[in-house]
Amino acid sequence: MNKKTVSKAELFFGGLLSRMEENRDFFKEIRINLKSGTKYFTALITMDGEVCLDYQAVKRQTDKNALFGWFLAELSKYDSAEIIYTERGAKIVITADDKRVSMKHEDTAVPKTDTAAVKTGREYVVNPALAGDLLKEIGILAENGKIKNDKIRKYNQIDYFIELMQGVLKEIGERDEYLILDCACGKSYLSFVMNFYLREILKKKCRFVGVDYSETVINASRQTAKNLGYNNMEFIKADLREYTPEEKPDLVISLHACDIATDMAMALGIRAKSRAIVCVPCCHKDILKQYSYEPFHAVTKHGILKARLADTLTDGIRGAYLEAAGYKVSMIEYISPLETPKNIMIRAVYCGKKSERARQDYEDLKRMLNVSPAIEKFTVGEE
């Protein structure tokens with residue numbers, strides 16, 4: 001290869017090495033196919049903590065400067081070269097010979113895929129055609145590329161959650177790097193899918209911290225992150241009542257954390273001054289056990305009606321408390337009641353303006369219902 005094309009190829013290769021370092025969390029490989037006469041040779045550059053070069057049956061650890069020097073020395077020995085840079089969601093191909101050097105981007109477009117089994121009539125954000133590795137790893141996608149029948153509900157939930165997060169992220173605003181805290185994370189479905197969405201669809205830098213009291217699920221989440229190559233995710237075994245993040249989170253999330261675990265998540269978000277808090281509550285036993293309101297006796301004497309009213313009262317109390325703490329609160333139907341009866345999403349975005357009216361409403365509700373809400377206890381650090 002002549003000096004002119006070698007120099008141009010080196011310039012492009014240097015750009016790929018810089019991108020590799022910048023996007024190391026979702027970098028896959030650089031494959032270099034070299035041709036001399038009728039013979040072909042392949043070099044493979046990967047990164048698993050350290051950068052590794054596999055060339056001519058020899059594997060060795062290296063770094064950016066050494067790689068650039070190696071490329072400079074080798075390229076002129078060959079007639080042509082094809083350099084294929086791959087990261088999740090994108091591919092760059094550089095071809096070089098004596099005549100020219102060209103580069104093309106092959107950012108993955110969302111192809112059509114079979115989601116007929118889900119039957120919701122909407123476009124999916126976490127499309128299986130792009131997120132196949134992720135969805136298989138978390139047990140939602142079968143080997144044939146279709147959503148498992150018994151996971152359709154879970155898939156709908158997590159995909160719609162991501163769709164609803166688009167508005168919340170817009171309200172949070174642009175960040176150099178998003179820090180998301182998943183409280184009572186369990187198997188961390190939300191974190192894995194949000195990580196995919198932010199990094200591979202939106203191309204945003206982000207870090208995730210999952211917190212749960214179960215060592216079993218924390219270890220499982222760590223293994224899943226390792227299998228997916230998600231190096232920007234951390235999972236911590238901790239009690240939400242005691243855990244405090246080292247940095248101010250941009251977003252605190254919690255999906256179907258049981259009973260007062262939702263209050264723990266919200267309280268942690270308030271204590272940490274999170275820019276936003278998004279929760280989909282599960283069961284509401286705490287207020288149900290406490291509240292009484294004589295004017296509603298004709299209703300609450302029926303256990304099933306008292307329980308349903310407790311759901312509404314609990315989330316209303318939580319909303320008032322969040323508004324009093326300076327958050328703008330909205331509540332929406334998260335997903336069809338046919339999917340799950342626990343389908344209210346509470347979205348709170350910090351606006352910095354504490355509402356005295358909301359504080360008075362909260363205190364009035366406590367007094368009238370004779371309750372001591374868990375969210376307040378956990379916010380002020382009481383047992």
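Reply: Start with a word about cover. A residue is buried under 20% relative accessible area, exposed over 50%, and partly exposed in between (1.4 Å probe, protein chains only). Helices (H or I, at least four residues) and strands (E, at least two) are DSSP runs, numbered from the N terminus. The model is predicted, so local features need pLDDT of at least 70 and side-chain atom pairs count only at pLDDT 80 or more, while totals for chains, interfaces and linings use all residues. Residues are numbered from 1 along each chain as its sequence is written, and side-chain values use heavy atoms, with hydrogens and water left out.

The part to look at is strand 11. How many of its five residues are buried? Five of the five are, so strand 11 is mostly covered. In a regular strand, side chains alternate between the two faces of the sheet. Look along strand 11 for this. Leu 251, Ile 253 and Leu 255 point one way. Val 252 and Ser 254 point the other way. Residues on both sides are buried.

Now look at the neighbours. Two strands pair if DSSP finds at least two bridges between them. Strand 8 (residues 178-183) pairs with strand 11 in the parallel sense, over three bridges. Here Asp 182 has Ile 253 as its bridge partner. Strand 12 also pairs with strand 11 in the parallel sense, over four bridges. There Val 252 is partnered by Ile 277.

How does the chain get from strand 11 to strand 12? Strand 11, helix 7 and strand 12 make a right-handed β-α-β unit. A crossover is right-handed if, with the strands pointing away from the viewer, the path from the first strand over the helix to the second runs clockwise.

Next come the charges around this unit. Side chains of opposite charge can pair when their charged atoms come close. A salt bridge is a side-chain nitrogen of Lys or Arg within 4 Å of a carboxyl oxygen of Asp or Glu. Arg 275 and Asp 250 meet in one, at 2.8 Å from N to O. Arg 275 sits in the loop between helix 7 (260-271) and strand 12 (276-280). Asp 250 sits in the loop between strand 10 (233-237) and strand 11 (251-255). The two are 25 residues apart, and the pair links distant parts of the chain. Arg 275 is partly exposed, at 23% relative accessibility. Asp 250 is buried, at 2%.

Helix 7 has a link of its own. Asp 263 forms a salt bridge with Arg 318, with the closest N and O atoms 2.9 Å apart. Asp 263 lies in helix 7 and Arg 318 in helix 10 (residues 303-324), so the pair ties together parts 55 residues apart in sequence. Both Asp 263 and Arg 318 are buried. The structure holds 17 salt bridges.

A disulfide is a covalent bond between the sulfur atoms of two cysteines. The rule here is a pair of cysteine sulfur atoms within 2.5 Å. By this rule the count is zero. Cys 183 is buried, at 0% relative accessibility. Cys 283 is buried too, with a relative accessible area of 14%.
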